Amino acid sequence: MNTLKLIKVLGVGLVAVSISLSCSNNAGKYEASSERILLQETGETADLNAFQLEKPDIIENKKATREKDVVDIHTKIIRNANCKIKVERVEEATKQAKQLASKYNGYVSDERFTNTNYSKENRFTIRVPQDKFDLVLDSICKLAEFVDYKNITTVDVSEEYVDITSRLKTKLKVKERYEEILRNKAKTVEDLLKTEDKLRQIQEEIESAKGRLNYLSNRVAYSTIQLDVYETVVPITEPQEYTPGFLSKAQKGLSFGWSIIENLTLVLFYIWPFILLIGFVVVYYKWFRKTNSKKQSK
């Protein structure tokens, strides 16, 4: 009798345990399904949440794939150089440096030439492909009589590049989800406006990330060489006293005579009332004398 009771108790316990496990599995599936739907509605990424529900072998495969993607991105290094050299002739050295840049698919981005009584200097910037950076820089230094200085700096932007690329991929996925919501799930005008505003914000962030990536790619692909080329010039001795020649004196005399004529003409314009008054007095005086002489003759 006791044995039968024990068997019944064990049977009831096994049934209860199986029911409990079934309910927990169903609840977990329901929670995962609800979580995915909620994340899809809001446009958030569900990678981390879904990651916990997958099998260990799938997780390892995804980790390996992601690590491979990171390794496949080459190291992004920006290289810059500042160099100042003394040459025999600035014009010739500048010409040869430009030819070197053009030969290796580079270009000159800006140029500033200075000429004084003691020196000539030309400062310009050369952009060359990164793999030709050392070759072009060494070739330019060979043009020098003397190298004042040569500084090379490198900036590793690999981490920033990978970070922006990853963020950009995420934002593109979120944009696709919001576009899906806008097409199929936004029913009211308020929902449409909110979704469109969110799409506009995401699009601005995407354009900003693309612009930064393009800038970094250009800086990495083309290295910069800031070059100062100069030559010393023997100063010309200036005469202590300057003696003008005949032509200079004649030109100065003509200029002075013309200024006198010009000033006299202007004076006449200023005193024309007095000239008119004097003319009137002279005419009246002549008329008065003429009248008195006629009276006396009678």
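**Burial and salt bridges**

Modeller: Asp110 has 29% relative accessibility, so it counts as partly exposed. Bear in mind that this is a predicted model.

Biologist: What makes Asp110 and Arg112 a salt bridge?

Modeller: Their closest N and O atoms are 3.0 Å apart. The cut-off is 4 Å, so the pair qualifies as a salt bridge. Arg112 is partly exposed too, at 43% relative accessibility.

Biologist: Why is Arg79 called buried?

Modeller: Arg79 comes out at 19% relative accessibility, and buried means under 20%, so Arg79 counts as buried. Its salt-bridge partner is Asp134, at 3.1 Å from N to O. That pair joins distant parts of the chain, with Arg79 in strand S1 and Asp134 in helix H5, 55 residues apart.

Biologist: And Asp134, buried or exposed, or in between?

Modeller: In between: Asp134 has 35% relative accessibility, which makes it partly exposed.

Biologist: How do you know that Arg200 and Asp197 are about one helical turn apart?

Modeller: They sit three residues apart in helix H7 (residues 189–221), so about one helical turn separates them. Together with Glu204, Asp197 and Arg200 are linked in a network of salt bridges.

Biologist: How many salt bridges does the rule give?

Modeller: The count comes to 13.

Methods: Residues are numbered from 1 along each chain as its sequence is written. This is a predicted model: local features need pLDDT of at least 70, side-chain atom pairs count only at pLDDT 80 or more; totals for chains, interfaces and linings use all residues. Side-chain values use heavy atoms; hydrogens and water are left out. A salt bridge is a side-chain nitrogen of Lys or Arg within 4 Å of a carboxyl oxygen of Asp or Glu. Helices (H or I, at least four residues) and strands (E, at least two) are DSSP runs, numbered from the N terminus. Buried means under 20% relative accessible area, exposed over 50%, partly exposed in between (1.4 Å probe, protein chains only).
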